[in-house]
Structures are given as C-alpha cells and as structure tokens.
Amino acid sequence: MGVQKKTRKFAVMKKVIGQRDARLKKNQLKGPEAAQKKKDAEQPKREIAQVPSSLFFTANTQLGPPYHVLIDTNFLSHTVHAKLDLQTSLMDCLYAKATPIITSCVMAELEKLGPKYRIALRIARDERWQRLKCDHAGTYADDCLVERVTKHRIYLIGTNDRDLKRRIRKIPGVPIVSVAKGKYVIERLPDAPDS
C-alpha cells in the first residue's frame, strides 16, 4: 500500500485560470460594457424598412399586362419535362402578353449542368427571349434573382425551386409562376383567376 501512495498519478495537470475568467482585472472592466451592448441589442429597433410606393397592401400596382417573367434554371428543366412551350404556356397562364427574361447567371448554371440539360439550354438560347447581364461576382442564380426582385418589383419569378420560393414569398408583391400537373400555375398575382 505504501508504494501506491508514493507513485505519481499519470497525466495530471495543474489547474489554470482561463482567459475569460471573471476574476481577471481585464475581464472585470469589460463586464459592464458587454452588459450595456447586450441590453441595447435586445431593445426593439425603431427603423422600418422603406416599402415601395407601388405596393398597395400586398398587391403590386406596377405589374401590368406586358408581364416580365424572370426564368430560373429548374423552371426551364420542368418545362422541358412537361413538354410545354414557354411562350404560349405563359400567355395561357397569365391571359396576357408575357416576356421571358433569362439572366446570364441562369445561362451559366445551365451550361454547367452539362448534356443532361441540353434541351433546356437550347430553349434558353432562343433569340425571342430577353437577356439580362449580371455584373456581380459568382454564378449563383437564386441570389441574383432575389436581388433583382427586391430592387425592382416589376418582375414575376418563374421557378420550381422550393428554397427560392420560400425566399421570394418573404418579399411582398412578387408573384411566382411554377410548373405543376402539366401546366403553369401562378401564385400571389392580385387579379389572377383561380388556377
């Protein structure tokens, strides 16, 4: 028994005070300042984001019959899968003239997807559709579309992406066109017939 008491315990370390310990002087001085910052952050903000004057409640009064539809990558692929004609199906859905608009981000995304999406890429390259050049870094189309819609509320968004739809629903006054049951379906257009 005496031998066991004399042997040192293996891997025992001395206890050291941590750098964030409240007993240190430098941390005692920061305590009231940190508490004040936390208190300020918890108070409700008095600023309200500026809402465009074109919005009347949640209805966007800038949306008019020559509709401008920003097209997403998966909207094109679902259109090909459902064997729909882009122009005529949009006109059938909206009961008015519609101009599909394809950004350079969407074109880059379609080119990256490869030969599986070659028909959708061929549709996107059609000369009848309007093109928008993107001047931002990166080729992530969802961020580009959301940014354009928040700046100018004159667009409809054509997408089947669940995450992008969720992001756009947070922006008031932006209708969403999607492919469902072999036809185009519109969501959140004020004067749209039930489809």
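**Exercise 1. Is Tyr 184 buried or exposed, and what does its ring pair with?**

Start with the surface: Tyr 184 has 4% relative accessibility, so it counts as buried (buried is under 20% relative accessible area, exposed over 50%, partly exposed in between, with a 1.4 Å probe and protein chains only). A quick note on what you're looking at: this is a predicted model, where local features need pLDDT of at least 70, side-chain atom pairs count only at pLDDT 80 or more, and totals for chains, interfaces and linings use all residues. Residues are numbered from 1 along each chain as its sequence is written, and side-chain values use heavy atoms, leaving out hydrogens and water.

Next, the partner. Searching the whole structure turns up one aromatic pair. Phe 75 and Tyr 184 form that pair, tilted, at 4.9 Å centre to centre with 35 degrees between the planes. (Rings of Phe, Tyr and Trp, the last by its six-membered ring, pair if their centres lie within 6.5 Å; planes under 30 degrees apart are stacked, over 60 edge-to-face, and the rest tilted.)

Phe 75 sits in helix α3 (residues 73–81) and Tyr 184 in strand β8 (residues 183–187), so the pair ties together parts that are 109 residues apart in sequence. (Helices, H or I with at least four residues, and strands, E with at least two, are DSSP runs numbered from the N terminus.) Phe 75 is buried too, at a relative accessible area of 0%.

**Exercise 2. Where is Thr 103, and which residues does Thr 103 touch?**

First, find Thr 103 in strand β4 (residues 98–103). Now list the neighbours, skipping residues up to four places away in sequence: Leu 70, Leu 132, Cys 134, Cys 144, Leu 145 and Arg 148. (A contact means heavy atoms within 4.5 Å.)

**Exercise 3. Where is Pro 172, and which residues does Pro 172 touch?**

Look in the loop between α8 (162–169) and β7 (176–180), and there's Pro 172. At 33% relative accessibility, Pro 172 is partly exposed. Leaving out residues up to four places away in sequence, Pro 172 touches Leu 55, Arg 153 and Arg 188.

**Exercise 4. Which residues of helix α4 are buried?**

Go through residues 86–94 and you'll pick out Leu 86, Gln 87, Ser 89, Leu 90, Cys 93 and Leu 94. Then step past the end: Tyr 95 follows α4, and its phi is positive, near 55 degrees.
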